[in-house]
Amino acid sequence: MPETKATNGGELDAWAFNSIFELVPFSIAIIDRDYNVVKANNNFASYFGEWRDKKCYAVYKKLNAPCPHCTIRDVFADGQPRVNDVDGIDQYGRKAHYIGHCAPLRPDGRGRVDYVVEMSLDVTGTGMWQQEYQILFDRVPCYITVIDEDYCIVRANESFRENFGDVLGRHCYEMYKRRKTRCANCPAAKTFKDGRVHHSEHQGTGKRGQKIHYAVSTSPLIRDSDRVAHVIEICNDITEQKKLEHEVIEAERLAAVGQTVAGLAHSIKNILMGLEGGKYIVSLGLQKNDKDLVSQGWEMLERNFDKTTTLVKDFLSFSKGRLPKLVMVDPRTLVDEIVDLYKDVAAKSGIELKAEPDDGIKPAPLDPDGIHTCLTNLVSNAIDACLMGEQKGSLVTIRVRENRDVLVFEVTDNGCGMDYEIKKKIFTTFFTTKGGGGTGLGLLTTRKIVQEHGGKIIVDSQKGKGARFRMEFPRARLKSLYLESEEETEGD
Amino acid sequence: MAYKILIVEDESDIATYLATVLRVNGFDPTVADDVESGLHMAREIRPDLICLDIMMPKESGISMYTRLRSDAVLKDIPVIIISGAGQDGNFDFRLYVPDQAVPEPDYYLEKPVSADHYLSVVNEILSASPGRER
């Protein structure tokens with residue numbers, strides 16, 4: 001260490017220079033035009049080893065000849081300082097990774113560069129961390145991409161590249177979904193907008209055309225300001241999970257098919273028995289020349305033929321496995337249509353049918369045919385319940401209202417109502433309280449359509465006190481189904 | 001005096017059919033459209049035979065059958081199950097009632113049933129039923 005005492009200005013400068021030369025937390029070496037190390041600090045010696053009477057390439061890299069790309073030579077040549085990222089060898093023969101700042105030294109203050117000073121900062125540890133992070137980034141079992149505000153991929157890990165292809169500079173939607181335009185329900189767009197993490201599930205297409213299901217989380221990457229300049233997309237591949245789910249659903253579907261076929265067979269057998277009965281009574285009437293018997297038998301035949309038609313129609317409607325075709329409709333129009341359809345039937349039975357839509361109901365994305373079927377089933381059930389009830393002044397009301405971003409259709413009657421045992425069974429296949437008059441598929445079909453809209457159906461009823469069926473459709477769910485269906489249409 | 005036969009069936013056309021077949025063939029049928037009224041009528045008229053449907057809305061025919069068999073007064077009345085349940089004329093009663101203490105019904109008829117077959121089974125069961133000849 002230098003002396004801690006200075007007597008005049010010149011000595012002070014020399015003392016300060018020597019002190020700083022030794023105190024700085026990096027290695028310093030001064031190199032002449034012949035690549036000789038002419039001066040170095042203790043940090044340098046303890047990092048690179050003995051330097052006296054040695055060439056810089058021998059000390060820094062343990063080489064016998066100058067480096068092919070020598071930064072020091074370049075600094076001597078043009079007098080410009082340089083910073084570079086260098087791999088060298090330390091005094092123990094280990095790999096040394098350092099950032100070298102090379103600056104020209106002109107002893108006369110200008111003109112020729114006689115020396116170059118190289119200040120080296122050891123970043124071997126940092127480099128190792130970077131390498132570890134790179135390995136982690138590449139090998140972590142999920143797809144990671146970083147996208148900029150133009151939705152261009154600026155970084156992608158190995159897992160992503162292996163499955164989706166080489167991507168840098170290409171748009172995320174091109175790579176994840178092979179689309180030409182941005183996805184309608186883009187979670188990254190939300191993160192760019194609000195700076196928050198968003199999660200969603202998607203189906204993409206890999207580089208070999210394979211379908212890839214993934215659950216993505218988008219996180220903001222904020223560096224210098226509050227602005228989200230980049231978004232990190234981390235995707236878990238859930239293709240296998242989806243396959244398993246599909247297999248379970250398929251197994252359940254097959255079991256349900258068995259159950260449904262058994263139920264259908266039971267209904268058909270009952271109809272056949274009714275037809276057998278009609279045939280017997282007509283024939284008996286003809287035999288006895290009894291017109292009343294003939295007409296009683298004929299009515300039985302007609303009723304059971306009608307039942308066959310209804311059963312086939314309801315069964316087809318129930319078995320229809322399609323996604324709802326969502327279009328923006330005014331919910332009140334759907335209700336008005338049902339009132340027009342049923343008001344005469346209701347009036348003939350002495351039942352008042354009325355619509356009570358709230359004001360200001362906004363249009364909603366719904367499948368008009370599906371909702372029509374639901375309301376038809378609920379209103380015809382309500383009319384039947386009134387006919388079975390003993391209440392005077394039978395009334396069926398269809399309401400449509402909005403409750404905290406949930407669109408609600410409500411069909412209320414003051415008919416016979418249901419006890420607990422019946423309520424438990426109403427959504428069971430082929431269950432009916434109408435004897436031969438029902439197929440036991442109406443409410444099941446209704447629930448299926450409501451669920452396809454992301455909604456639910458709720459029933460309130462007490463025996464003798466009427467019933468209220470409420471179909472609830474959360475607007476957010478309808479919106480996301482609508483966007484998904486739009487996207488699929490675009491994708492097609 | 002005609003045999004009294006109770007038909008418990010919720011579908012009116014089927015009940016009318018079964019009752020008509022019996023009536024024109026000299027029997028005395030009574031119809032109930034659910035289990036509660038069926039049990040009530042069984043106690044009231046003490047039928048010689050009960051024809052019982054299985055799938056009915058409020059309470060099933062199987063439930064009525066087990067209630068009949070545990071009823072001191074009604075337990076010996078022969079029962080024909082007439083239902084759309086089962087396949088190819090086979091009806092696995094133990095699938096519904098695993099309890100071996102409950103005897104199997106006297107006969108099972110799978111819907112649809114022709115009038116002739118129905119009559120022949122009714123006659124067969126009644127003739128096998130002790131002390132009930134008319």
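What is the strand order in the open sheet of five strands in chain A, and which kind of pairing does it have?

Modeller: Quick caveat: this is a predicted model, so local features need pLDDT of at least 70 and side-chain atom pairs count only at pLDDT 80 or more, while totals for chains, interfaces and linings use all residues. Residues are numbered from 1 along each chain as its sequence is written, chains are lettered from A and ligands numbered from 1 in the order written, and side-chain values use heavy atoms, leaving out hydrogens and water.

Now the sheet: going across chain A, the order is 12-14-15-17-16, and the pairing is mixed. Strands here are DSSP runs of E with at least two residues, helices are H or I runs of at least four, and both are numbered from the N terminus; two strands pair if DSSP finds at least two bridges between them. At the edges of the sheet you'll find strand 12 (352-357) and strand 16 (456-461) of chain A, each pairing on one side only. From one strand to the next, the twist averages 15°, with axes fitted as lines to C-alpha atoms (for helices, over the stretch in contact) and angles between N-to-C directions running from 0 to 180 degrees.

Strand 16 of chain A is joined by six bridges to strand 17 (residues 467-474) of chain A, and the two run antiparallel. Within strand 17 of chain A, F469(A) is the residue that V459(A) stands opposite.

Then there's the helix. Helix 11 (residues 331-348) of chain A packs on this sheet, where it touches strand 12, strand 14 (395-402) and strand 15 (406-413) of chain A; contact means heavy atoms within 4.5 Å. Against strand 12 of chain A, the direction of helix 11 makes about 170°.

Strands 14 and 15 of chain A also have a loop between them worth a zoom, and D405(A) lies in it. D405(A) isn't a glycine, yet its phi is positive, about 65°. D405(A) counts as exposed, at 57% relative accessibility; the cut-offs are under 20% for buried, over 50% for exposed and partly exposed in between, with a 1.4 Å probe and protein chains only.

K62(A) belongs to the loop between helix 3 (56-61) and helix 4 (71-78) of chain A, and with a relative accessible area of 36% K62(A) is partly exposed.
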